Amino acid sequence: MERFLKVNSLKCVRCGLCLEVCAPKALVFSADFQPKFGKDGEERCTNCQHCLAVCPAKAISICGRDPEESAAVTPLPNGDDMLRLIQSRRSIRHYRHEALDAETIDKLLDMLRWVPTGVNNHGLHFSVIRDVAVMDEIRERVNSQFREWLTMEEPPQAAALMMRYKAQITAGLDVIFRGAPHLIVAAVPQNAPCAAIDPVIALSYFELYAKTLGIGTCWCGLAAAALFAVPEVAERMGIPANYRVGYAMLFGPTERKFLRATQPEAVSVFEVK
Ligand SMILES: Cc1cc2nc3c(=O)[nH]c(=O)nc-3n(C[C@H](O)[C@H](O)[C@H](O)COP(=O)(O)O)c2cc1C
């Protein structure tokens with residue numbers, strides 16, 4: 001694959017940091033100590049852009065990216081702020097029945113460009129429901145399907161995972177989508193090197209960023225499973241061929257405020273000596 005490495009030789013300070021941070025060792029020094037692709041370097045390059053990001057002189061452009069257009073990475077939140085964000089994260093199951101504005105959803109989706117993926121694969125695909133009317137249609141279609149299955153004498157296998165919620169679902173409660181106005185589903189190419197984990201990392205970042213914007217989220221294994229138990233809805237989600245669903249997350253505006261952190265047990269740790 002062509003990667004188009006461009007080095008501004010007037011700016012390059014020949015420091016070699018780009019070579020040092022290049023994980024696949026795709027770069028070598030040219031005769032006058034500027035970076036260039038080594039033998040097979042272009043094929044090994046994963047477009048992680050570490051070379052562009054580390055260069056103190058903004059001398060490197062890769063894959064057509066201009067370092068002048070990179071976002072600033074300072075100031076960072078401090079450790080205490082970050083810990084408070086993590087401690088304040090909660091699963092939100094009560095939402096206002098209204099859409100977030102388009103700009104806010106765009107911000108959330110754009111952030112996903114920066115999430116890490118194994119071998120920098122970045123093949124993730126996100127299906128998002130922005131329109132509350134569409135969400136309500138899908139909510140009703142899925143819930144009515146499960147209401148029907150769960151009241152059968154012998155429910156089909158697809159209904160098994162909802163058995164424990166039978167009373168609530170048949171009473172008309174939206175246990176699956178929790179009344180949320182929006183849903184995001186992360187899907188991944190079946191052959192991605194880290195297909196099992198990439199979607200989960202992406203949604204973890206989504207959850208925390210959403211929290212900083214005052215938006216509620218909820219991991220939703222039930223939605224992920226339910227959508228794909230109802231093929232017509234799965235099709236509507238627009239998952240590309242040869243992709244598989246990673247996970248689903250509900251999100252939307254909420255009034256619910258948790259006033260203090262929970263007090264979980266310490267995690268299990270084994271110190272290897
Ligand atoms: C992988 C995963 C799947 C989950 N699926 C659901 C779900 O389908 N419905 C739901 O209401 N909560 C779901 N949750 C939320 C958990 O129930 C929740 O994390 C737990 O009750 C602790 O609450 P907290 O997230 O506020 O700390 C899920 C959480 C995770 C991590």
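What volume does the largest cavity have? Let us work towards the answer in a few exercises.

**Before you start**

This is a predicted model, where local features need pLDDT of at least 70, side-chain atom pairs count only at pLDDT 80 or more, and totals for chains, interfaces and linings use all residues. Residues are numbered from 1 along each chain as its sequence is written, and side-chain values use heavy atoms, with hydrogens and water left out.

**Exercise 1. Describe the cavities and their linings.**

Step 1. Start with the idea: rolling a probe the size of a water molecule over the atoms shows where empty space is left. On a 1 Å grid over the protein atoms alone, a cavity is a set of points where a 1.4 Å probe fits but cannot get out; a pocket is an open set with protein on both sides within 12 Å along at least five of seven lines; and lining residues have an atom within 4 Å of a point.

Step 2. Grid points are joined across faces, edges and corners, and a volume is the space filled by probe spheres set on the points. The structure holds 2 cavities of 30 Å³ or more. For the largest cavity, the volume is about 120 Å³; for the second largest cavity, about 80 Å³.

Step 3. Look at the linings. Around the largest cavity there are 14 lining residues, with Cys22, Cys45, Cys48, Gln49 and Cys51 nearest its centre. The second largest cavity is also lined by 14 residues, and here Cys12, Cys15, Cys18, Cys55 and Ile60 lie nearest the centre.

Step 4. Sort by class (Ala, Val, Leu, Ile, Met, Phe, Trp, Tyr, Cys and Pro count as nonpolar, Asp, Glu, Lys and Arg as charged, and the others, Gly among them, as polar). The largest cavity's lining has 10 nonpolar, 4 polar and no charged residues.

**Exercise 2. Locate the largest pocket relative to the domains.**

Step 1. The domain assignment gives domain 1 (6-69) and domain 2 (82-253); such bounds come from an automatic or database domain assignment. Their C-alpha centres lie 39 Å apart.

Step 2. The largest pocket has a volume of about 1300 Å³. Its lining counts 29 residues, and Gln49, Leu52, Ser70, Ala71 and Trp114 are nearest its centre.

Step 3. Because domain 1 and domain 2 both give residues to this lining, the largest pocket lies between them.

**Exercise 3. Find which helix gives the most to the second largest pocket.**

Step 1. Helices (H or I, at least four residues) and strands (E, at least two) are DSSP runs, numbered from the N terminus.

Step 2. The second largest pocket, of about 370 Å³, has Trp114, Tyr205 and Leu208 among its lining residues.

Step 3. Both α4 (79-88) and α8 (198-212) supply at least two lining residues. The most come from α8, with 4 residues.

**Exercise 4. Is Asp174 buried or exposed, and what does its side chain meet?**

Step 1. Asp174 sits in the loop between α7 (166-170) and β6 (182-189).

Step 2. Buried means under 20% relative accessible area, exposed over 50%, partly exposed in between (1.4 Å probe, protein chains only). With 17%, Asp174 is buried.

Step 3. A polar contact is a pair of N or O atoms within 3.5 Å; within protein, one must be able to donate a hydrogen and the other to accept it, and residues adjacent in sequence count only if both atoms are side-chain atoms. The Asp174 side chain makes one with the side chain of Arg139 at 2.9 Å, and another with that of Asn143 at 3.0 Å.
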